Amino acid sequence: MRPWRCLAAVLSVAGALVPVAQAAPVFRLEEGMPPEEAAATRQLLDEAAARLPATWAQALDRPIDFAWRDDLPGGVHGRAHAWRIGLRRELLQAWMARPAPADASDQATHAALAAALHELAHLYDRTRAGRLSRDPRLLDLAGWQEAAWRPGRRGRNDFRDRSPDAYELRSPREYVAVNLEHYLLDPGYACRRPALAAYFDARFGTATPRADCAPGLPFVRDAVRDGTGPQLVDPEHIHAVDYLLAEGNSRPMSRWGHGMLRLVVCAPGRQRGPDCRLDLQHHLVLSFRAFVDDVQISSWRGLTGSYPSRLFALPLGQVVDEYTRVELRGLRSVPLDLRRDEIEALATRAAQLHWNYDGRYFFVGNNCAVETWKLLHDAMPRLAAMGLQSITPNGLLARLRRAGATDEAAIPVDADGQVRLGYYFAPANATYDGMYAVVREELATPQADAAAWLELEPETRREVLPRAGLRAAAALLVLESAAVRREEALARDELKRRWLDKPEAPGGTGELAQALREFLRLGGAFSRPASWLDGVPGYGLPQAQEREVLERRVAADAAARARQAQALEAGVRGLLSPRRRAALEGAERNLELLGERLRSLAGESS
Amino acid sequence: MKHYLLTATLVLLGIAASHALAASFAGTSAGASSAGSSASSGSTSGDDKLVREAREDAAGFVASDGRLRSARLEAALRVMRERDPAAAQASDLALARRILAQD
């Protein structure tokens, strides 16, 4: 390594003349630099210094020795040590070879400025005024998150997707330098990393203009039922954020419940307020889940963190179906007591996670409750100070309540009111006996309760359909829907058992195999939105150009996925035992007949 | 590979099954409903979907003589009234029947 030679005290003239209040850093150029190079160097350093916020420039209150270096390893553009900066000589050569008027959009100009600002950021970070890389708030925003189990932070940063420069993930110090470089040079920084831009603005007492940002926060919904493009969420249209808790049941994987967040987004044109609570079709559920590409959820893989943990954005209707109708679990929606700026910060943070985060799932150390806590913690300093960390979804709700972070006054006192306004979604089986009572009264069926009724063969249940009046037919619709879901669950169980016991597949799976691979590939894309923008320049939150590509790709993939799902369902059906298949199709036929019956009954009586 | 295929299929089945379920709610034969749905995320299609998804809730409401009122039903009734001035005058029960009568 080339030693730092004695440096001449060449004071920057501009630096010496500006008043103290706007002090610019003073550079001492390496001795013996040819005059042309020295002039170009000074021009570069002056341009870099001119971009520094005043507080940053003031903190650089000692002369900085500067040299061009030929000894830096490949890919390294500069080094900063104790008030010394060395930059790669190629940067100077390119800088000097630029066409006459060149601004930061010129590649050589940008590269040299970026390198100089990066090293100035390191120096600033080491001053007493700086210390950004040790600021807990910066570490929250950057992704060196607090650990749930122990004091301190995790050593890894999983905000790996759509990074402007993977080098930033090496350490908090590099993160600060890379981000300050972009903050000062990239006009889109405030759009792409709004929370960090706001943090830097606050630190420096400056204001970065954000006029050109693409509107809204894009989320790609993992809607398995129908193909939809990205949903844009305008934080201004979010009435509230709820903690959404799926209650536990006796199954080991579900005992602790599941914790999610629900963005109560208002319908377009509706004024923000409590009325938005019923705009269910616009509400978005944010759910951290392990992305499992296998039917056998492996405890070992769950303990060792080999499943990705990602933030899924789901339509509320789908979540309600999944829990209350398929899993027969209740969903409790508890509004959080947040200020307007906190709601915006939370939504923005969620968008950042959605596009940038690719974490690891650990059953205990990094499950949905821990991830949701970290989201709340990292988005809102006020909640970060509440000590909410919990490793179970129930525990997190209890702590939110104890800390006064929930808006209990908004929740209706009576259970009916809670159900009517969407503060509680009851498990579907809560009504089955009541429904069967209507059937029994009207059609004089002998079975004692819903369970006994649903034990009958579908063909036996079908016999009463032609006699059913409107109320009984409506009740039967609820019961037959339950029957179809139960048959579907039994079919899944049968396939699991038969296929796992006898891995030699039944015939005709060649095409099915291909279709499956394609389906899983599409499913993977929906779980990691950044993959849609592979090969498209840009980082952080996608802006206008990326959104165009995104719109096209998502729409195509969603449509393909819906087609695949149908084709596969038909294929997989053929693998069921005749008995199981007949039972499933019998229940489906009942539902179809009921639909027809209801159409004629409800049509004539209204 | 075979093992992977088999197990993966089962995951898939979970997804495909609820897909069919949605189709049944919509009152169409299994699997047919979403084939024609557009990729648009406009509010009109969202409203239609809301009403479709409230079918079971509407059935519970009609069967219980108006006793069981879920948020989904309330939301669907409100959307119907906002979209159709004639519906604004209709009773909850009449609108719930209309949901049941839909294709």
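1. B:Val51 counts as buried, because 23 C-beta neighbours lie inside 10 Å. Here a residue is buried if 20 or more other C-beta atoms lie within 10 Å of its own, exposed if 12 or fewer, and partly exposed in between, with C-beta atoms placed from the backbone. B:Val51 lies in helix α2 (residues 43-53) of chain B; helices are DSSP runs of H or I with at least four residues and strands are runs of E with at least two, numbered from the N terminus. Please keep in mind that this is a predicted model, in which local features need pLDDT of at least 70, side-chain atom pairs count only at pLDDT 80 or more, and totals for chains, interfaces and linings use all residues. Residues are numbered from 1 along each chain as its sequence is written, while chains are lettered from A and ligands numbered from 1 in the order in which they are written.

2. The partners of B:Val51 are worth a look. Leaving aside neighbours within four places in sequence, B:Val51 is in contact with B:Ala76, B:Val79, B:Met80 and B:Ile99; a contact requires C-beta atoms, placed from the backbone, to lie within 7 Å. B:Met80 is 29 residues from B:Val51 along the chain, and their C-alpha atoms are separated by 8.0 Å.

3. Next comes a helix pair in chain B. Helix α4 (residues 71-83) of chain B and helix α6 (residues 92-101) of chain B have axes that come within 10 Å and cross at roughly 95°. That makes α4(B) roughly perpendicular to α6(B). Angles of 65 to 115 degrees count as roughly perpendicular, under 35 as roughly parallel, over 145 as roughly antiparallel and the rest as oblique. The contact is made by B:Leu73, B:Ala76, B:Leu77 and B:Met80 of α4(B), together with B:Asp92, B:Leu95, B:Ala96 and B:Ile99 of α6(B). By class, the contact of α4(B) with α6(B) has 7 nonpolar, no polar and 1 charged residues. In this scheme Ala, Val, Leu, Ile, Met, Phe, Trp, Tyr, Cys and Pro count as nonpolar, Asp, Glu, Lys and Arg as charged, and the others, Gly among them, as polar. The axes are lines fitted to C-alpha atoms, for helices over the stretch in contact, and the angles run from 0 to 180 degrees between N-to-C directions.

4. For chain B as a whole, there are 6 helices and 0 strands. Buried residues make up 54% of its 103 residues. Among contacts in chain B with a separation of 6 or more, 48% are between residues 24 or more positions apart.

5. Chain A comes to 23 helices and 13 strands. Of its 606 residues, 46% count as buried. Among contacts in chain A between residues at least 6 apart in sequence, 66% join residues at least 24 apart.

6. Helix α2 (residues 35-50) of chain A and helix α4 (residues 89-96) of chain A also have axes that come within 10 Å, crossing at roughly 95°. That makes α2(A) roughly perpendicular to α4(A). The residues in contact are A:Glu37, A:Ala40, A:Thr41 and A:Leu44 of α2(A) and A:Leu92, A:Trp95 and A:Met96 of α4(A). By class, the contact of α2(A) with α4(A) has 5 nonpolar, 1 polar and 1 charged residues.

7. On α2(A), the buried residues are A:Thr41, A:Leu44, A:Leu45, A:Ala48 and A:Ala49. Seen down the axis of α2(A), the buried residues fall within an arc of 130°, so they line one face of the helix; the arc is that of the directions from the helix axis to the C-beta atoms. On the other side of α2(A), A:Pro35, A:Glu36, A:Ala39 and A:Ala50 are exposed. The cover over the buried residues of α2(A) includes β1 (27-29), α3 (54-59), β2 (64-69), α4 and α5 (107-126) of chain A.

8. Two loop residues of chain A deserve a check of their backbone. A:Trp83 has a positive phi of about 60° although it is not a glycine, and A:Trp83 is found in the loop between β3 (78-81) and β4 (84-88) of chain A. A:Leu328, in the loop between α11 (316-326) and β11 (331-335) of chain A, has a positive phi near 55° and is likewise a residue other than glycine. Most residues other than glycine have a negative phi. A:Trp83 is partly exposed, with 14 other C-beta atoms within 10 Å, and A:Leu328 counts as partly exposed with 17 C-beta neighbours inside 10 Å.

Conventions. Contact = placed C-beta atoms within 7 Å.
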